[in-house]
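Hi everyone, thanks for coming. Let me put the sequence and the structure on the screen, and then I'll talk you through a few spots.

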Amino acid sequence: MENNVSNEINRVEINVSDEVMAEMFLNQAIKDFKKGKIIEKIDQSLKNKDKETFLRLTEELKSVS
């Protein structure tokens with residue numbers, strides 16, 4: 001009986017750990033995606049010589065980093 005409880009607790013701990021790791025991975029992937037999109041827009045603002053958009057986007061990038 002005690003062994004079964006111990007095994008169940010270990011499985012729960014592993015599942016929680018896996019869930020936390022998956023959430024961390026997804027959050028990082030979303031953050032990287034957002035940063036990439038902002039960088040693309042920054043590049044475009046530089047090509048267009050749009051200083052206002054460039055400054056806004058660089059501030060936005062800082063908040064995502």
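This is a predicted model: local features need pLDDT of at least 70, side-chain atom pairs count only at pLDDT 80 or more; totals for chains, interfaces and linings use all residues.

Residues are numbered from 1 along each chain as its sequence is written, and side-chain values use heavy atoms, with hydrogens and water left out.

So, which residues make up the largest nonpolar core? They are I38, I42, L57, L61 and V64. By nonpolar core I mean a set of buried Ala, Val, Leu, Ile, Met, Phe, Trp, Tyr and Cys residues joined through side-chain atoms within 4.5 Å. Buried is under 20% relative accessible area, exposed is over 50%, and partly exposed is in between, with a 1.4 Å probe and protein chains only. Helices α1 and α2 (51-64) each give two or more residues to this core, and α2 brings the largest share, 3 residues. Helices here are DSSP runs of H or I, at least four residues, numbered from the N terminus.

Looking past its neighbours within four places in sequence, I38 touches L57, E60, L61 and V64; contact means heavy atoms within 4.5 Å.

T58 sits in α2 and is buried, at 18% relative accessible area. D32, in α1 (residues 2-47), is partly exposed at 41%. The D32 side chain makes a polar contact of 2.8 Å with that of Q28. That term covers N or O atoms within 3.5 Å; within protein, one must be able to donate a hydrogen and the other to accept it, and residues adjacent in sequence count only if both atoms are side-chain atoms.
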